[in-house]
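Please look over the sequence and the structure below. A short briefing on selected parts follows.

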Amino acid sequence: MKPLKDLKLLSFGILFLGINFLGNAQLKGNVFLDKNNNGIKDASEEGVQNAVVSDGYHVVRTDSNGGFLLPGWKKQRFVTWYPSAGHKGETRFIAISPEISSYDFAVRTKENKETTKFVQISDTETFEYGDWVDNLKKYIRVHKPDFVVHTGDICYRSGMDWHAKNLTEKELGVPIYYCLGNHDLIKGDYGEQFFEEKFGPAWYAFEEGNTLFVITPMMGGDFPPGFDHEDIGGWLQNLLMAYDKEQPKMFFNHDLLTNGDSFVFNKNKKESIVLEDYNLKAWLYGHWHINMVKTHGKSGVVSYSTATLAKGGIDHSPSSFRVVDVDKKGNPKSQLIWSHLEREIQIVSPQKNKLTLNADGNIEVSVNVYDSGAVVDSVRYSIWGKEGFNWESSLDATNWRSMTKTSDWNWRGTVSPGEEKEFLLVIDAFLRSGEILHRKEKFNLDGNSGTNGSKAEWFNLAGNKEHHPVVDMDQRTPYTMKWTANVGSNIYMSSPVVKGNYVLSAGFDDSNAENCFIVCWDATSGNEKWRFKTKNGVKNQMVIAKEKVIATDMIGNTYAIDIASGKLVWERDLKYNRAPGFITGLVTDGKIVYTGFAESLSALDADSGKTLWRNTAWSGGEGTTPTMTIAGDMLIASRHWGAIYAHNRYTGELMWSRDDDGLRYRDGVLSYRDNYLWVAEQDKFHKLDPKTGKTVHSFITGMQHTGTSAPIVLKDKAILSGSHPGIASFDLHSGKKDWEFQVDPALFYTPSYFSDQQQSLETTPILVGENLIFGAMDGNVYVIKADTGQLLWKTNLGVPVITSAAITADGFYVCDFAGNIYFFKADQ
């Protein structure tokens, strides 16, 4: 009897004979330590044992001399070396050619670290050089990640050609790995042909730290690929057999494999691969142009969706890229970096040269500071009275205090003022790049403390279920910032709601879904009353009904919290189960709360959380930012790139839908006024019959309306805000523009595909008496005259404002993206 070893070799030889008979060429070569860096295997240079090499299907390890032999397969195009954690090389892949007799990979040793840091970018979809490239290059230069992964949609021939020249290891200083997206499958002999010409194989793997990183291709796109599930499934089986089953693994793809609990790749109807059985830790993807993080069931696999750093997301996710730190056990922790921001710093307390002491009689100092290319390591401050800030006093270290980081953008400090009334605040913000941002602000104490603000009722966006943003009261400018607090994360479109002496907003955390809170503050002092941790971020409008604040998070959990106590009254899982996160604003009539989207759109009893009806009329679609509107007996809902839907709000019956005339691309909130629906879309304004959905009247505005604003409709005027260039008033009948007020360029981009210095609003302006109050993406809060557009007052917060104001008898509340809530008191 032959030894078992010989039997295995015999079987291997028979396998080779079969493959050769089918016409597939064997592929051999070496992986060697190139000690003299000449790229040639010299006689004295050793081979690398156990290096991993693949032909795109088979995956083998090198022998003790660094040699390998691949059986080859019918679709082979490359021989690819999969870098280990301890080796690097200039060449990862070699195109297969009959002229090559040996595929040799010259490698060098490198530090084998236990932990890893990498950057994920996605869906850049461009052939142009933008500011985001410099942001990325600076971040890499300063923070030195191990590599960058682009998770696809480089986009078409010109996009791939541009990226292959401008986003390379040579240009960035670290390796960059590309995934194949649906728009990267273009016309050719097969869909990925041009991608291969520019970037090499569309599926491969590499090690960094203790983790295996796996690049997988989009399985379909604009043109058919040259591979199928059998090919990728077979390669995955071979890949996973070549590595330790318990080694931590992270997968990259242009899309999410599953929104369910288990990550299963189906090779065919009979064979499948359960990836969490191989210690899958995370799945990173793009495609949807959204920022979202989710933990998938008991498997504990975390999926990260990252929007594009080049432009605004489809669901208005801010332009951003993701940095992921991987520990020695392969566990990830991420941080989103907002792009297009350079050395931004703004003192927000004190503000306008005047400060009110907090309820404890102390001075509160707050600064918003951010840079896309360098983390802010620390911020210090000093407050000076009449002793002065001068050559000598600045050297006294006891005069400086460290500020506390409250969100990724905001830093705070508190100091007792003493007897003086006039002060100078000095701020130094220290960036990881070595840059120091220095600011000074003179201010006076106004003699008041801690009792600013007034009771109010503001239960919906714009203060009412119809979202007609008009308040019948008068307030005078200037406004004075009386107090500010922070939610502990970012605030998106969760505009503040007010009930008596309570004001509330909610934060989100698309980095790790950890710092997700609904927070309640004392409306008069800003003192925090309570905070409630949600399972994921609340990104859009909460409502108040039956003494409860009600909100729905990104993954479809709806919470009803007693406002007075902060205790959870009821919770409902909407069974959302969708990849685009829930970002639609809720609406209530005080008894029924409307929440959910598409298949999960639901009417809930505000008292009990009982489901009164659930939508069955339409499904699918992208996440959509408009807050739903109540129009009499109708509920008006939206689907991005889909339609407007009108349901009987008591039964759920679909009464009509509109997906024509640009309405399917609408991002704005609908207002209900004078028994009509009013809505702006792209460059047009519509008056709709709420019973039929038919257009009664419309006109071209000459503006861009892809922000999430609701219109203001008066007797003969319509006041419309836009994603560019600001806000304007029109004759309601003729469409003639009466005036236009332009805001400054956005600090970062949120409306879909915006990237070119647009002057954007995402908020709904509120008409208070004769004045309009609104925040903008330029970081300013504005008050302008409604009849002329004249600027009356503004204040700069240094960070985009994406929430609409909540109005009280003597001022207004508003939140910024840094997670701050402010109360601004009107002049008396």
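In which sense do β9 and β10 pair, and over how many bridges? β9 and β10 pair in the parallel sense, over four bridges; two strands pair if DSSP finds at least two bridges between them. Helices (H or I, at least four residues) and strands (E, at least two) are DSSP runs, numbered from the N terminus. This is a predicted model, in which local features need pLDDT of at least 70 and side-chain atom pairs count only at pLDDT 80 or more, while totals for chains, interfaces and linings use all residues. Residues are numbered from 1 along each chain as its sequence is written, and side-chain values use heavy atoms, with hydrogens and water left out.

**Strand β9**
- Five of the six residues of β9 (residues 116-121) are buried, so the strand is largely enclosed by the rest of the structure. Buried means under 20% relative accessible area, exposed over 50%, and partly exposed in between (1.4 Å probe, protein chains only).
- In β10, Val-148 stands opposite Val-119.
- β9 also runs antiparallel to β20 (residues 320-326), joined by five bridges; Gln-120 has Arg-322 as its bridge partner there.

**Helix α3**
- Gly-159, Met-160, Trp-162 and His-163 are the buried residues of α3 (residues 156-166).
- These residues line one face of the helix, because they fall within an arc of 160° seen down its axis (the arc is that of the directions from the helix axis to the C-beta atoms).

**Lys-110**
- Lys-110 lies in the loop between β8 (103-109) and β9.
- Lys-110 counts as partly exposed, at 25% relative accessibility.
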